[in-house]
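This briefing walks through a few parts of one structure, topic by topic. Please keep the sequence and the 3D view open while you read.

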Amino acid sequence: MKKYGCILASLFLMLSACNENELDKTIFIPDSDDSNLPAYTEWGYNSFGAQYERLYFVATNAVVPCKITYRNGFLNFHLIGNAVGSPGMGYYSAEDMMLTFTFPSSPMNDYKDLVALDNTVIDLTSEACILKMEKDGKGTTIVPLEGRLFFKRAQLLRIDGEENRVILSGYFDVKFLNSNNWPEAISNGRFDVGINKDFYQSPPVL
């Protein structure tokens, strides 16, 4: 079984005074190389970001940025946010967007089982993996030419001795052909999200 870290509540005081509602908010810390992306962090900032061609796919405070479901041997990792144009590029636009990574997993009946993802790399080109993208309500299945989802750290957060959530931090990128057979890429992806009992579901097997 993989080892995982436990974040002490005293460290988290610097972020939110351990207020449950504050822990669920998205905190955007700009990356030093590209301020349109969040910096890579492992504090449970409930943030993610990636370049999507000339757009940016980023988390917002309007919706929960990550939800996870497990069923029948597969884990579904949903990143939910907006595809936005950079103001620095002379325009700004925003579309609802969601990426769903589906991949085989050992049984995970509770959010706390997510700690098993620590230091796990998912090869998105595997036939066992499915990647879906939804923009403004229109969904499509992506067939990756290259790609990976890397859970660099999975940490259990305890507050006042009580297990509260698992913080997942890592990277993702993928190259693929769109519906018109044009090459596209989602690159420089990073995420730092907190998953508790409200954002994790493991429906019973029917």
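This is a predicted model: local features need pLDDT of at least 70, side-chain atom pairs count only at pLDDT 80 or more; totals for chains, interfaces and linings use all residues.

**Strands, a buried arginine and aromatic rings**

Strand β11 and strand β12 (residues 183-195) run antiparallel and are joined by 11 bridges.

**Paired strands and their hairpins**

- Glu-146 has Lys-175 in β11 as its bridge partner.
- In the hairpin of β10 and β11, where 2 residues lie between the strands, a positive phi near 55° is found at Asp-160.

- The side chains of Arg-190 and Asp-31 are joined by a polar contact of 3.2 Å.
- Leaving out residues up to four places away in sequence, Arg-190 touches a set of residues that includes Asp-31, Ala-39, Gly-49 and Tyr-171.
- Ala-39, which sits in the loop between α2 (20-23) and β2 (47-52), is in contact with Ile-29, Pro-30, Asp-31 and Arg-190 when its neighbours within four places in sequence are set aside.
- Ala-39 and Gly-49 are 10 residues apart in sequence, and their C-alpha atoms are 8.7 Å apart in space.

**Aromatic rings**

- The count of aromatic pairs in the model comes to 9, and one of them is the edge-to-face pair of Phe-77 and Phe-151, with 5.2 Å centre to centre and 75° between the planes.
- Phe-77 belongs to strand β5 (residues 74-85) and Phe-151 to strand β10, so their pair ties together parts that are 74 residues apart in sequence.
- Phe-77 is buried, with a relative accessible area of 0%, and Phe-151 likewise counts as buried at 0% relative accessibility.
- Phe-151 also forms an edge-to-face pair with Phe-191, at 5.6 Å centre to centre and with 70° between the planes.
- Because Phe-151 lies in strand β10 and Phe-191 in strand β12, this pair ties together parts that are 40 residues apart in sequence, and both Phe-151 and Phe-191 are buried.
- Phe-77, Phe-101, Phe-103, Phe-151, Phe-172 and Phe-191 form one aromatic cluster.

Notes. Residues are numbered from 1 along each chain as its sequence is written. Side-chain values use heavy atoms; hydrogens and water are left out. Helices (H or I, at least four residues) and strands (E, at least two) are DSSP runs, numbered from the N terminus. Contact means heavy atoms within 4.5 Å. Two strands pair if DSSP finds at least two bridges between them. A polar contact is a pair of N or O atoms within 3.5 Å; within protein, one must be able to donate a hydrogen and the other to accept it, and residues adjacent in sequence count only if both atoms are side-chain atoms. Rings of Phe, Tyr and Trp (its six-membered ring) pair if their centres lie within 6.5 Å; planes under 30 degrees apart count as stacked, over 60 as edge-to-face and the rest as tilted. Buried means under 20% relative accessible area, exposed over 50%, partly exposed in between (1.4 Å probe, protein chains only).
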